[in-house]
Amino acid sequence: MNISVDKEGFLIKLQDWSPEVASSIAQKDEIQLTTDHWEVIKLVRDYYDRYNLSPAARIIVKLLKDNLGDNKGTSIHLMQLFSGRPARMVNKIAGLPKPTNCD
């Protein structure tokens, strides 16, 4: 798969994204995507479609809580799925730009 990414691994062209591309990006970061991962990716992509903005971690946690309930709507759940910098990682895998508040 020959997709153009920047030096941090974010897609250059957002329209290049597909579930296969997401799996490839995740694999490079040693993440095996599960149903729980895909739930987060879908919510983040829907948010981006609605607001044209890559959500930060607090917004992602709120999306999870509002859409998937209290058990999944926690920063702990998000960190377990996308360790390290979860907002950065989920946006990257979702094919979205790096959130503006990420370094």
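## A buried helix and its surroundings

Helix H5 is largely enclosed by the rest of the structure, because eight of its eight residues are buried. The model described here is predicted. The buried residues of H5 are Pro-86, Ala-87, Arg-88, Met-89, Val-90, Asn-91, Lys-92 and Ile-93. Their packing partners are H1, H2, helix H3 (57–68) and helix H4 (75–81). Just after H5, Gly-95 adopts a positive phi of about 80°.

One of these partners, H2, can be described in geometric terms. Two packed helices are characterised by the angle between their axes and by the distance between those axes. For helix H2 (residues 35–51) and helix H5 (residues 86–93), the angle is about 80° and the axes are 9 Å apart. An angle of 65 to 115 degrees counts as roughly perpendicular, and H2 and H5 are therefore roughly perpendicular to each other. On the H2 side the contact is made by Val-40, Ile-41 and Val-44, and on the H5 side by Val-90, Asn-91 and Ile-93. By class, the residues of this contact of H2 with H5 comprise five nonpolar, one polar and no charged.

Ala-26 belongs to helix H1. Its relative accessibility is 0%, so Ala-26 counts as buried. Although Ala-26 and Ile-93 are 67 residues apart along the chain, their C-alpha atoms are separated by 6.0 Å.

Leu-63 is located in helix H3. With a relative accessible area of 13%, Leu-63 falls under the 20% limit and is therefore buried. Between Leu-63 and Val-44 there are 8.1 Å in space, C-alpha to C-alpha, for a separation of 19 residues in sequence. Not counting residues up to four places away in sequence, Leu-63 touches Leu-43, Tyr-47 and Leu-68.

The empty space in the model can be considered next. Rolling a probe the size of a water molecule over the atoms shows where such space is left. In this model, the largest pocket holds about 180 Å³. Twelve residues line this pocket, and the closest to its centre are Ile-3, Val-5, Ser-24, Ile-25 and Lys-28. Helix H1 (residues 19–28) supplies the largest share of the lining, with four residues. The lining as a whole has six nonpolar, three polar and three charged residues.

Glu-30 is situated in the loop between H1 and H2. Its phi is near 60°, a positive value in a residue other than glycine. The relative accessibility of Glu-30 is 77%, and the residue therefore counts as exposed. Asn-52 is found in the loop between H2 and H3. Although Asn-52 is not a glycine, its phi is positive, at about 55°. Asn-52 has a relative accessible area of 58% and is therefore exposed.

Notes
Residues numbered from 1 in each chain as written. Predicted model: local features only at pLDDT ≥ 70, side-chain atom pairs only at ≥ 80, totals over all residues. Heavy atoms only, no water. Axes fitted to C-alpha atoms, helices over the stretch in contact; angles between N-to-C directions. Helix = DSSP H or I, 4+ residues; strand = E, 2+ residues; numbered from the N terminus. Parallel < 35°, antiparallel > 145°, perpendicular 65-115°, else oblique. Contact = heavy atoms within 4.5 Å. Nonpolar A, V, L, I, M, F, W, Y, C, P; charged D, E, K, R; others polar. 1 Å grid on protein atoms, 1.4 Å probe; cavity = no way out; pocket = protein on both sides within 12 Å on 5 of 7 lines; lining within 4 Å. Points joined across faces, edges and corners; volume = space filled by probe spheres on them. Buried < 20%, exposed > 50% of the residue type's maximum accessible area, 1.4 Å probe, protein only.
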